[in-house]
Amino acid sequence: HKSNMVCLWMFLIFAKFIIERYIVMSEKIVAGNLDEVIGKNVEIRDEMREKALLIRSNLNIMQIRSSTQLAMQILNLYVLVQMPLDNQYWSGAIFVKKGKKIPVINTALPRANQYFTAWHEIYHLIYDAVSFSHIIETETIMEERKAEYFASLMLLGNLLPYYTELPEMDFLSKIFHCMDTFSAPYKAVLIALYESAVQNENQKLMSLIKENFDNSFSDLADRFRKLGLDDNLVRPSYVINVGILQAKIQERIKQDPDLNYNYENEQFLSNIIREANLMMEEKDA
């Protein structure tokens, strides 16, 4: 399948130019382990709140109010790569070469997921000293939890007051409004809300969240439109941004213009971009 080839080729092109090692998002959260996740959040809450505050105060030089725009500004400092990959379980990664960390985001996922992934990867880029140096499973799992919690803090902040003040409507409609306002994915909203419900001993809200946590929606865009919300948040962007790879290839060509291998790599990347564009055309058809 063409889209699967895009995913494979993207990995291969990184193998040619960048990979020494990489880390990806891997934690799977369901209703059954929600209490365990909240328990871990309690352990790291103060640390992550401090790190979130440092980002807002030290890296927001231009005083950007939008959390999503701030995330992209920070990632661009690390030469962000964006590519649509037809794999719903692969949202992002950090590739490393000689100490240089390259963030990658899958733009075939909904924008809300991309924004959350962006902050997740920013945690790894700036604060994670474990995952890039050695592999100890218990430590890397905790770093993933820290990255998830950090992303939640950067996007969602104090969610409960907003949820509470929403007009009377069904539970899912309230959650979709929260997603729209905070530009966050469905499960991220529910996890943050569940944590607040636990702290406030709100059993009714806790039950509602668990009952709906494992929902999957094939009509999320339609649901957003019916509520008068912008459905772009729950649609992919399909952005293609591979400037770092193009620059690397051009650098190699300038260093050794007589080596055919460099031109083959240039054509290889062009094929990836073309296949990605074809995938987008197929999605739009």
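Helix axes are lines fitted to C-alpha atoms over the stretch in contact, and angles run from 0 to 180 degrees between N-to-C directions. On this basis, helix 2 (residues 34-59) and helix 4 (residues 111-126) pack at an angle of about 90°, with their axes 12 Å apart. Helix 2 is therefore roughly perpendicular to helix 4 (65 to 115 degrees; under 35 counts as roughly parallel, over 145 as roughly antiparallel, the rest as oblique). Helix 2 contributes Met 48, Lys 51, Ile 55 and Leu 59 to the contact, and helix 4 contributes Trp 119, Tyr 123 and Ile 126. Contact means heavy atoms within 4.5 Å.

The model is predicted: local features need pLDDT of at least 70, side-chain atom pairs count only at pLDDT 80 or more, and totals for chains, interfaces and linings use all residues. Residues are numbered from 1 along each chain as its sequence is written, and side-chain values use heavy atoms, with hydrogens and water left out.

The protein holds twelve helices and four strands. These are DSSP runs numbered from the N terminus (helices H or I, at least four residues; strands E, at least two). Of the 285 residues, 49% count as buried (under 20% relative accessible area; exposed is over 50%, partly exposed in between; 1.4 Å probe, protein chains only). Among contacts with a separation of 6 or more, 71% join residues 24 or more positions apart.

Ten aromatic pairs were found in the whole structure. Rings of Phe, Tyr and Trp (its six-membered ring) pair if their centres lie within 6.5 Å; planes under 30 degrees apart count as stacked, over 60 as edge-to-face and the rest as tilted. Phe 176 and Tyr 186 form a tilted pair, 6.5 Å centre to centre with 45° between the planes. Phe 176 lies in helix 7 (residues 171-182) and Tyr 186 in helix 8 (residues 186-199), so the pair ties together parts ten residues apart in sequence. Phe 176 is buried at 2% relative accessibility. Tyr 186 is buried as well, at 9%. Tyr 186 also pairs with Phe 217: the centres are 5.1 Å apart and the planes stand at 80°, so this pair is edge-to-face. Phe 217 sits in the loop between helix 9 (203-212) and helix 10 (220-226), 31 residues from Tyr 186. At 21% relative accessibility, Phe 217 is partly exposed.

Trp 119, Tyr 123, Tyr 127 and Phe 150 make up one aromatic cluster. Lys 51 lies over the face of Tyr 127, 5.1 Å from the ring centre. Lys 174 places its charged end over the ring of Tyr 163, 4.9 Å from the centre. The criterion is NZ of Lys or CZ of Arg within 6 Å of the ring centre and within 35 degrees of the ring normal.

A nonpolar core is a set of buried Ala, Val, Leu, Ile, Met, Phe, Trp, Tyr and Cys residues joined through side-chain atoms within 4.5 Å. The largest has 64 residues; Trp 119, Phe 150, Leu 156, Ile 175, Met 179 and Ile 209 touch the most other members. Helix 8 supplies the largest share of this core, nine residues. Beyond its neighbours within four places in sequence, Met 179 contacts Ala 184, Pro 185, Tyr 186, Val 189, Leu 220, Phe 224, Leu 233 and Val 234. A second, separate core of 16 residues includes Ile 102, Val 104, Ile 253 and Ile 273.

Gln 82 belongs to strand 2 (residues 81-83). Gln 82 is buried, at 10% relative accessibility.
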